[in-house]
Amino acid sequence: MKLKATTAAVSAAMLSLLCAAQAGAAQIYPVDQARFMTNARFDFKVELDSTMARKDVTVQINGEDYTKTLSGKEVWVEKEDGVHGSALVVRDVEIQKPGRYTVTVKSAEGEQTAHWDIYGTPEKPVAKNVILLIADGLSVGHRTAARILSKGVTNGMYNAPLAMDDMPHMALLGTSSVDTIAADSANTASAYMTGHKSSVNALGVYADRTKASQDDPKQETIAEIIRRKTDMAVGVVSDAEIEDATPASVVSHTRRRNDKADIVGMFYNVKPEVVLGGGSAYFLPKETPGSKRKDSVNYIEKFSEAGYHLVTDRTALNQVVTGATPDRLLGLFHTGNMDGWIDRHQWKGNTVKKFPNQPDLTESFDAAVKVLEKNDKGFFLMLEAGLVDKYSHPLDWTRSVADTIAFDKVVERAKAYCEKNPDTLLIVTGDHTHSISVAGTVDDNKPGKDMREKVGVYAEAGYPNYEDKDKDGFPDDFQPSKRLAVFFGAHPDYYETYRSFPDATFTPAVKDEKGHYVANAQYKDVEGAHFVEGNLPRNESQGVHTVDDLVVTAQGPNADKIRGFMNSTEVFRVMAEALALGK
């Protein structure tokens with residue numbers, strides 16, 4: 001018994017020491033397991049949990065003083081603001097030789113290591129252009145529903161694939177971030193643009209412990225690398241606010257994606273040749289009605305003075321394609337997020353009456369390419385269908401799937417461009433997924449008023465009766481008598497109606513007097529509706545992103561590297577190798 005007690009005591013003591021050592025360990029940025037490109041710049045930072053003198057801290061890379069590998073001006077902060085720890089910071093460094101690097105930090109707190117894998121790229125590019133098309137939140141369920149509605153099924157055979165289906169290379173992508181398996185658009189898109197993982201709400205930075213949102217260790221974005229190393233053009237297109245997470249990831253460095261007014265300034269610093277989307281409220285000075293800025297800076301004037309041609313509606317945008325083509329193009333078509341395809345073309349719901357002349361993403365793509373290809377050195381274009389996600393959050397699958405079809409029309413355009421320009425790498429994916437699934441059909445013609453009993457599964461599902469008489473790839477009526485039964489797996493309390501609402505996007509939950517989100521009583525009395533208990537915490541008002549793998553498809557130079565399972569950061573690597581950005 002004494003032996004057992006002694007052994008237990010020793011084990012407990014060792015465990016206590018181990019936990020103490022881990023608790024006092026340093027945090028190193030870039031983080032352990034980071035894999036990134038040679039000659040891509042980043043900020044190096046070491047955070048210590050207690051305050052100490054610089055002489056008491058040793059920082060090595062591969063057994064030598066870190067300055068042998070990273071050259072730059074070191075800043076030693078004995079006590080960081082708001083914390084009781086010291087920090088070492090070196091801004092804007094790079095590593096020129098590929099290989100494995102081990103960072104070791106030794107201090108009175110103990111020893112901590114981080115392992116980096118640095119890869120190079122070819123000396124010469126294999127692609128002239130890179131087009132990255134992202135449908136925000138795109139899951140397999142979105143693709144399936146869009147294929148059924150757009151192409152149809154006959155005797156179990158799809159009448160045609162989507163454009164995004166019919167590409168020679170495909171892979172699954174993992175989207176988890178530094179801090180969580182369940183990521184948001186900021187860090188997932190940032191992984192594509194920097195080759196580094198990040199944290200929820202963070203763009204182009206490792207989220208550190210300081211309170212300030214824009215002093216965190218930076219990761220150079222692909223647009224900045226292109227600006228620094230090449231003479232290529234850059235384009236950013238979205239149907240969401242241009243300052244929103246995915247388009248912002250091309251140029252931004254902040255741990256707070258809602259720094260939208262500052263993100264406009266980051267766009268201005270990089271100056272992509274093409275910037276198209278919503279979000280004009282953040283370009284306008286605070287004195288302008290509807291502005292969301294807190295200062296008097298007029299970025300529309302600043303961009304105009306920098307040589308940008310401004311367009312604010314569909315008509316003016318299409319004139320860019322048919323008429324004289326400017327060298328730089330700024331298009332702002334909405335004060336906030338733009339309206340989706342189904343509202344603009346059929347329902348006229350949401351804010352279409354206020355903004356009646358918004359362009360399609362296909363038109364934005366055409367205009368962007370027309371401007372970008374004026375540069376004979378090539379271009380990088382990121383286009384986002386942001387509304388696929390914006391409508392998935394409130395469980396409005398009809399609007400979301402309509403915009404998935406609209407996104408696929410852009411893929412068609414991009415593939416046609418690649419046919420004429422085979423030196424273009426085209427990559428098509430999402431940035432994360434939503435838990436959307438097609439379960440069968442809903443048939444209004446079944447007897448009774450209980451809509452739940454009108455859901456058909458297995459043999460009872462049969463086929464929906466969508467029609468596309470004008471052959472534009474969109475159903476003529478998104479609410480036929482027999483339609484898809486589509487459900488979300490991660491959601492708050494809500495009333496399931498099995499219907500769409502043309503006037504406005506579905507709002508599943510609202511706050512009660514306790515501050516909890518409860519099912520929106522607006523839909524309680526819709527005929528046949530029934531209550532669905534949520535499976536998310538009661539502080540969640542909408543559906544959330546899921547950890548399911550993404551599908552990515554590709555064609556063109558270096559597209560064969562898209563295969564199997566990949567971490568999302570490898571998308572950056574495929575693009576960087578194609579353009580030889582690491583040389």
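**Loops, a sheet and a helix pair**

Q: Where is the place of Pro30?
A: Pro30 sits in the loop between strand 1 (27-29) and strand 2 (35-37), where strands (E, at least two residues) and helices (H or I, at least four) are DSSP runs numbered from the N terminus. This is a predicted model, in which local features need pLDDT of at least 70 and side-chain atom pairs count only at pLDDT 80 or more, while totals for chains, interfaces and linings use all residues. Residues are numbered from 1 along each chain as its sequence is written, and side-chain values use heavy atoms, with hydrogens and water left out.

Q: What kind of peptide bond joins Tyr29 and Pro30?
A: The bond joining Tyr29 and Pro30 is cis, with omega about -5°. Most peptide bonds are trans, and most residues other than glycine have a negative phi.

Q: Why does Asn350 count as partly exposed?
A: Buried means under 20% relative accessible area and exposed over 50%, with partly exposed in between (1.4 Å probe, protein chains only), so Asn350, at 32% relative accessibility, counts as partly exposed. Asn350 is found in the loop between helix 9 (341-347) and helix 10 (361-372), and its phi is near 55°, a positive value in a residue other than glycine.

Q: What makes Lys471 count as exposed?
A: Lys471 counts as exposed because its relative accessibility is 71%. Lys471 lies in the loop between strand 22 and strand 23, and its phi, near 60°, is a positive value in a residue other than glycine.

Q: How do you know that strand 21 and strand 22 pair?
A: Two strands pair if DSSP finds at least two bridges between them, and 2 bridges join strand 21 (residues 436-443) to strand 22, the two running antiparallel. Within this pairing, Gly456 in strand 22 is the bridge partner of Thr441.

Q: Why are helix 2 and helix 12 called roughly perpendicular?
A: Helix 2 and helix 12 (residues 397-420) pack at an angle of about 80°, with their axes 9 Å apart, the axes being lines fitted to C-alpha atoms over the stretch in contact and angles running from 0 to 180 degrees between N-to-C directions. Angles under 35 degrees count as roughly parallel, over 145 as roughly antiparallel, 65 to 115 as roughly perpendicular and the rest as oblique; helix 2 and helix 12 are therefore roughly perpendicular to each other.

Q: Which residues of helix 2 meet helix 12?
A: His142, Ala145, Ala146, Leu149, Ser150 and Lys151 in helix 2 meet Ser400, Val401, Thr404, Ile405 and Glu412 in helix 12, contact meaning heavy atoms within 4.5 Å.
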